[in-house]
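Please read the points alongside the sequence and the model.

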Amino acid sequence: MITFIFEFIGTALLILIGNGIVANLVLKGTKGSDSGWTGISLAWGIAVFIGVFVSADTSGAHLNPAVTISLAVAGKFSWSLAPGYILAQILGAMMGNFLVWLNYKKQYEATEDTSAILATFSTSPAIRSPFWNMVTEIIGAFALVFGVFYIAGGTMGDSPVSLGSLDALPVALLVMGIGFGLGGPTGYAINPARDFGPRLLHSILPIKNKGKSDWGYAWVPIVGPIIGGVLASLLFMLIETLQ
């Protein structure tokens, strides 16, 4: 049970800091409207560092269903634990964004732009093209998961691949790099829980001027990262068999 609790806490911290910077950037009446894409990418890196550092030694700090599924595909994580981890990640993401909403309550009330409000919860494409948006998410998640395999040890030995707290900084830098290099087309969800949980929260919270939750796009940041993660896992296993 404690592992699920720390997956919940780690994911909540990830979203609190990550979507907190988005809210600071796009909502009306904040003091952070000039931080731009650089601020977003840096803040998401910091968010990952905090979430991983806090939860790594207890839960392994997956914080992402794509990571959980990919580790299970590689035989480095028990499939029986995967549903509990994924549920904890989704609920943690919802809690993190709930805290963002509380923190910026007056700014949400002052904001009339429905797309800006949704951006503080879930991702959306710069140019809407579902297939190519999914390709972007596949590439980003592939880079994330493949990097995580080697940051976590890069071995197919007897011990499960899992992150330790000392790996928090390398993973944070990896996510930061993905944001700077690959994130522009879709906002780089690269994490189904990061998008689905907050999007679900957006749909049920009583937010003034919130508009629709864009469920028609919601499958892209779910399917894309899972495909990208599994492809990274398969490549990792292939490389290990050749060594």
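1. Over residues 39-56 the chain is 100% helix and 0% strand, with the end C-alpha atoms 25 Å apart. Helices (H or I, at least four residues) and strands (E, at least two) are DSSP runs, numbered from the N terminus.

2. The model is predicted: local features need pLDDT of at least 70, side-chain atom pairs count only at pLDDT 80 or more, and totals for chains, interfaces and linings use all residues. Residues are numbered from 1 along each chain as its sequence is written, and side-chain values use heavy atoms, leaving out hydrogens and water.

3. An unreviewed UniProt entry places "transmembrane region" at residues 6-27, 39-56, 85-104, 131-151, 171-190 and 217-239; such annotations may be inferred rather than shown by experiment. Residues 217-239 are 87% helix and 0% strand, and their end C-alpha atoms lie 34 Å apart.

4. Helix α7 (residues 130-151) has 22 residues and should span 32 Å at 1.5 Å a residue, the expected span being 1.5 Å times one less than the number of residues. Its end C-alpha atoms are 31 Å apart, which agrees.

5. Buried residues (under 20% relative accessible area, 1.4 Å probe, protein chains only) of α7 include Asn 133, Glu 137, Leu 144 and Phe 149. The buried residues of α7 pack against α3 (65-73), α8 (168-182) and α10 (220-242).

6. Gln 89 sits in helix α4 (residues 82-103) and counts as buried because its relative accessibility is 0%. Leaving aside residues up to four places away in sequence, Gln 89 touches residues including Glu 7, His 62 and Ala 193; contact means heavy atoms within 4.5 Å.

7. The side chains of Gln 89 and Thr 68 are joined by a polar contact of 3.0 Å. A polar contact is a pair of N or O atoms within 3.5 Å; within protein, one must be able to donate a hydrogen and the other to accept it, and residues adjacent in sequence count only if both atoms are side-chain atoms.

Note on methods:
Buried < 20%, exposed > 50% of the residue type's maximum accessible area, 1.4 Å probe, protein only.
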